[in-house]
Amino acid sequence: MAALQKRRHQSGLVVLVILLGILGGLGARQIRYSIPEELDKGSFVGNIADDLGLELQELGERGVRIVSRDRMQLFSLNLRSGNLVTADRIDREELCAQTAQCLVSFNILIEDKLNLYPIEVEILDINDNTPRFFREELEVKILENAPPSSRFPLMEVYDLDVGMNSLQGFKLSKNSHFSVDVQSEGDRPKYPELVLEHALDREGDAVHHLILTAVDGGEPVRSGTARILVTVLDVNDNAPVFTQPVYRVSVPENLPVGTPVLSVNATDQDEGVHAEVMYSFLRVTEKISKIFCLNVFTGEISISANLDYEDSSFYELDVEARDRPGLLDRAKVLITILDVNDNVPEVVVTSGSRSVAESMPPGTVIALFQVYDRDSGLNGLVTCSISRSMPFELEKSVDNYYRLVTNTVLDREQVSLYNITVTVTDKGIPPLSTETLIYLNVADTNDNPPAFPHSSYSVYIPENNPRGASIFSVTAHDPDSHENAQVTYSLSEDTLRGAPLSSYVSINSDTGVLYALHSFDYEQFRDLQLRVTAQDSGDPPLSSNVSLSIFILDQNDNTPEILYPALPTDGSTGVELAPRSAEPGYLVTKVVAVDRDSGQNAWLSYRLLKASEPGLFAVGLHTGEVRTARALQDRDALKQSLVVAVQDHGQPPLSATVTLTVAVADSIPDVLTDLGSIRPSADPDDSDLTLYLVVAVAAVSCVFLAFVIVLLGLRLRRWHSSRLLQATGVGLAGVPASRFVGVDGVRAFLQTYSREVSVRADSRESHVIFPQPNYADTLISGESCGKSEPLLIQEDSGFCKEEDSLVQQAPPNTDWRFSQAQRPGTSGSQNGDETGTWPNNQFDTEMLQAMILASASEAADGGSTLGGGAGTMGLSARYGPQFTLQHVPDYRQNVYIPGSNATLTNAAAKRDGKAPTGGNGNKKKSGKKEKK
């Protein structure tokens, strides 16, 4: 029952104390509670949620918790109820010793806002400690002649409780000589003294046994007892006396062990044995006895252990001096410990984040920490700082708390990890400091698009590349991290020649490697323009573009194409005539070839690969002209077979061959005569066949001769009309477009006027083939009659001889040729042959190819003329009217008109009524031959 009443009394006291604490703390900044000591674990202290104005669910959501720098947590927070409860039993005496008011301070932290609320809990004392004597037995020696009212100090009594629960009085067992009294010195401990009430008589009672009881004022009352043995001594009338009742000294806390602090001294007026004094400590605890040492003979007090100001800054010692008989005196020694700056400041990081996004604004709180120094005074004042080179700053909060915040926007691409050194320095002499590292990772945000090293790329790949081969690789770098740095590549949608680019080139979306899906042909297209897009995987994704130009390089994959002499459709070999009177250098024919490649791959060279009569003919290396190398002799065979090879300059070089058959005769009848002189075959069928062949050739020749005579008459009439127009100032207005033949008509012209003579040397079968000519806009001029046409009958050439007296054959005219600086393209910058007999560079070669191929296609269609307009070379219809002869080089001197020493240059010059300025033709010799 007594225990139950005690529990109810304590519970009522708790409620009363809590109410008083709440009412007393309403007007203060901090929240204050009061609880008695020795409460059970989990006992209610106060409702934090109500006092902070928070809902119960907010306690967990906002991260409300207790923050304290004490090593042992005395209280805990129940997040479900919002109550502050005890974490364990609290012993006030262990926590605050004899302090009148015992306060426990800590802070409540709201994590989301990093707000702190200071809390104070006062621990109230209960009467749970009994008064105790330092010794349970004490012997007191008193001279028998001691006068009444003499006082004799007894052992000290201590009670760990405070206030009314502490020591209140003493009771002495019944006796006839002594009483007990208490001497109180302010708030210092109470010391009982034995008071002699009546004179002693050693002979009556030499020993007295007393019981001393110490009583506190608690409820219920607690008490402690000690036995006192009083021995009555013989007279010793002088006791030792200290030189001063109180000794004071101040020493620094860093004194070495063994250093003397001070010496106490007591003197005795007696002599002999009664004057010998010995010193000792009174009422010392075990802790003090380990720190200080007293020499019993000299009274010197020295240090036996290290002093610590932070542990205790003041010590009070009681020293007793006693002589041999037992008389004594007491003095106090007050030792003050001076603080020395021997403690470095400490940093306790309370809360913080190890990672922060780089997009967070300035002022973002990174960490909350507390700094303190266990020293006091200036030694305990601290300053906190960080490096100024970092994008952070410190903001001071309450109770030596600091916030570490950002002062600018962070950039992970520049610095991804910060090692923030917080330096705390006190103001002692010398100052002490400590450093604490706070690690902060900067989290990435997608704020950087992928970047290519170059703004554009140019790729050169040869044509005829294998399908699926890797042709190039692009790489874009994204300084972000993780998925923000994962780059995918793609090609922009576009078309080429009506087909999407994705059908020509593909790209690996992960590596950026480009692959060719087709084998490219330089002759079809020469470059591809692509746009590569690099996009990261961030949210939202960022991208960048780069232009990629793919240039196709020409390879020597086209063999030269021989335009003249054209291969007959019936498989026979064309025949060229060479008069027996031809002198060395006589132009027999000209091999014309083109190459669809460009540049060096299209530069052609001609050489005589095989000849039935070596040394009789020579081929121009660059012109393809077949000329006699020596004068023809009677012993030379009628039929000469030549194999001409046309080879380009590619690597490896490609070539084509053509077989020429040259008949050595002055005219067609000579050919027939020579054929008839061949010994007839023994076979009558062969003779008949030869006869039929000769008759057919003669008939065709007569028809062709009649056609030529009529055509010459028409051409002469037109020429006469044009001369009349020139006399009247009309000029070239009436000249038909067919009078101007461009390079576009070369192939059609050659096909029109080519003739073939096939003679079999190994048999008596011979035939001469005259293809059907094209009469539309046929090139007929006076110069064609000036030459000795090998296929015309000699007797019918009188009209041509008369015309030769008016207009003589002239060498090719070079006035129309462009100078080196006037040639288009890159050829103007090269030092080539001024005569311009052959293209000097890739541009000129490609231009000639384009013109010749265009003329070939037009001739095949049959819907275009050889001309196409004055001065346009047949190019105005294809390239526009502005593309005239002034814009391209003229290669007409390289086109040979079969059966004539003139080129297209001669024809154009004579048609316009101009005399050629130069050339290397054999005009005099040819005239003589024709007259013959």
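Glu413 counts as partly exposed at 23% relative accessibility.

The model is predicted, so local features need pLDDT of at least 70 and side-chain atom pairs count only at pLDDT 80 or more, while totals for chains, interfaces and linings use all residues. Residues are numbered from 1 along each chain as its sequence is written, and side-chain values use heavy atoms, leaving out hydrogens and water.

The structure holds 21 salt bridges. One of them joins the side chains of Asp318 and Lys332 at 3.0 Å, N to O. Asp318 lies in strand E24 (residues 314–323) and Lys332 in strand E25 (residues 328–338), so this pair ties together parts 14 residues apart in sequence. Strands (E, at least two residues) are DSSP runs, numbered from the N terminus. Both Asp318 and Lys332 are buried.

Now for a sheet. Three strands form an open, antiparallel sheet in the order E10-E14-E13, where two strands pair if DSSP finds at least two bridges between them. Strand E10 (151–153) and strand E13 (178–183) are the edge strands, each pairing on one side only. E13 pairs with strand E14 (residues 191–196) over six bridges, and Gln183 has Tyr191 in E14 as its bridge partner.

Notes
Helix = DSSP H or I, 4+ residues; strand = E, 2+ residues; numbered from the N terminus. Salt bridge = Lys/Arg side-chain N within 4 Å of Asp/Glu carboxyl O. Buried < 20%, exposed > 50% of the residue type's maximum accessible area, 1.4 Å probe, protein only.
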